[in-house]
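I opened a new notebook page for this chain. These are my entries, in the order I looked things up.

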Amino acid sequence: MSQIKAVDLAAYSWLLGIPSKHWSRHGFEESIKVDHVTNNITESFNNWVNPFRGMPVLSLLEQIRRKQMRRIKKRHDQCLQWATTLPPAIHKRLEDIKKEARHIIPIWAGEDEYEVKDISRHYIVKLISHHCECGLWQISALPCKHDVACVNTWRKDLNEYVHPYLKKEAYLRTYSFMIHPIPDESTWSEVEADNEVQPPVKKRLPGRPKLARRREADVVFACNVAIIKRSCSRNAENINKRTRYELDVGSSAHNLSAADFETFTGTLAPRHVDIHWDEIF
Ligand SMILES: [Zn+2]
């Protein structure tokens, strides 16, 4: 927090008003076993349903149902193909942790307890209770580098120290069910209803309906290609056009917010192609 305070006092004050369990890993509930933080979940969902956003509510829900139907079947089939007892992403994380553990020196105190010397300090590890003083094991359900170093001294299988939540069996159980197909509406039986629900009265607002999604000012661009507005008073052909710029990935431009992006001209590479408004919307 002191580092955040040194960079931006306003951000520091804002964070103080939010309980740390919502945004900082050290405050996460240990029983959940997830150390991942997603701060743009609504953006992800909006992008996921983007092709259907203009549909009426029932049609939109039908499309989401079909999308989920395909997704569950696809993930279930993929899981059956895995050669390891851990999902590929977890397996890779564990392999990376193994590499980090190479320089760790554990000292066996007895039973399942270890004192583990890391670069700047030492930590206490208890293997049987899956506990490391650094806290990562309890939160992520995956052994941290300190635990891996201890397990390696016994040459035991590391997979035994991964929580069952992260294993193939749990993934398979998650996608073991299916969403059953629904018969076509023409085959549905008539239902007698005393109070029919009428559709709402449609009010047409002035102006053209806006189809483009509005971004909040603090939305971060997730892609490496973005579009910004550009006009040129000297060349009539360029008026009302947009120019596509390519972000230099890895530069400071990568995490521009929408507001920053509108005014940003610094490290963007020159354009590829001019695009008419009609081609975009
Ligand atoms: Zn640790």
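This is a predicted model: local features need pLDDT of at least 70, side-chain atom pairs count only at pLDDT 80 or more; totals for chains, interfaces and linings use all residues.

**Entry 1: the whole chain.** I counted elements to begin with. The protein chain has 10 helices and 7 strands. I then checked burial, and 12% of its 281 residues count as buried. For contacts between residues at least 6 apart in sequence, I found that 51% join residues at least 24 apart.

**Entry 2: confidence.** The average pLDDT of the protein chain is 79, and 75% of the residues score at least 70. Helix H8 (residues 168–174) has the highest, 95, and helix H10 (residues 277–280) the lowest, 37. Residues 222–255 have pLDDT below 50, yet this stretch has 55 contacts in the model beyond near neighbours in sequence. Residues 266–281 also stay under 50, with 31 contacts beyond four places in sequence.

**Entry 3: the largest core.** Which residues have the most contacts inside the largest nonpolar core? I listed Val116, Val125, Cys132, Ala149 and Cys150, in a core of 17 residues. Strand S2 (113–117), strand S3 (122–126), helix H6 (136–140) and helix H7 (145–153) each give at least two residues to this core. H7 supplies the largest share, 4 residues.

Setting aside residues up to four places away in sequence, Val125 touches Tyr114, Val116, Cys132, His146, Asp147 and Cys150. I also found a second, separate core of 6 residues, with Leu86, Ile90, Val162 and Leu166 among them.

**Entry 4: the sheet.** In what order do the strands of the open sheet run? I read S1-S2-S3-S4, 4 strands with antiparallel pairing. Strand S1 (105–110) and strand S4 (131–132) are the edges, each pairing on one side only.

I went through the pairs in turn. S1 and S2 are antiparallel and share 5 bridges. Ile105 has Lys117 of S2 as its bridge partner. The hairpin of S1 and S2 has 2 residues between the strands, and Glu111 takes a positive phi near 50 degrees there.

S2 and S3 also run antiparallel, joined by 5 bridges. Glu113 is bridged to Lys126 of S3, and Lys117 to His122 of S3. These two strands form a hairpin with 4 residues between them.

**Entry 5: the faces of S2.** Which side chains of S2 point to the buried face, and which to the other? Tyr114 and Val116 point to one face and are buried.

**Entry 6: the record.** I computed the secondary structure of residues 123–155 and got 42% helix and 18% strand. The end C-alpha atoms of this span lie 21 Å apart.

Notes: Residues are numbered from 1 along each chain as its sequence is written. A nonpolar core is a set of buried Ala, Val, Leu, Ile, Met, Phe, Trp, Tyr and Cys residues joined through C-beta atoms within 7 Å. A residue is buried if 20 or more other C-beta atoms lie within 10 Å of its own, exposed if 12 or fewer, and partly exposed in between; C-beta atoms are placed from the backbone. Two residues are in contact if their C-beta atoms, placed from the backbone, lie within 7 Å. Two strands pair if DSSP finds at least two bridges between them. pLDDT is the predictor's confidence in each residue, from 0 to 100.
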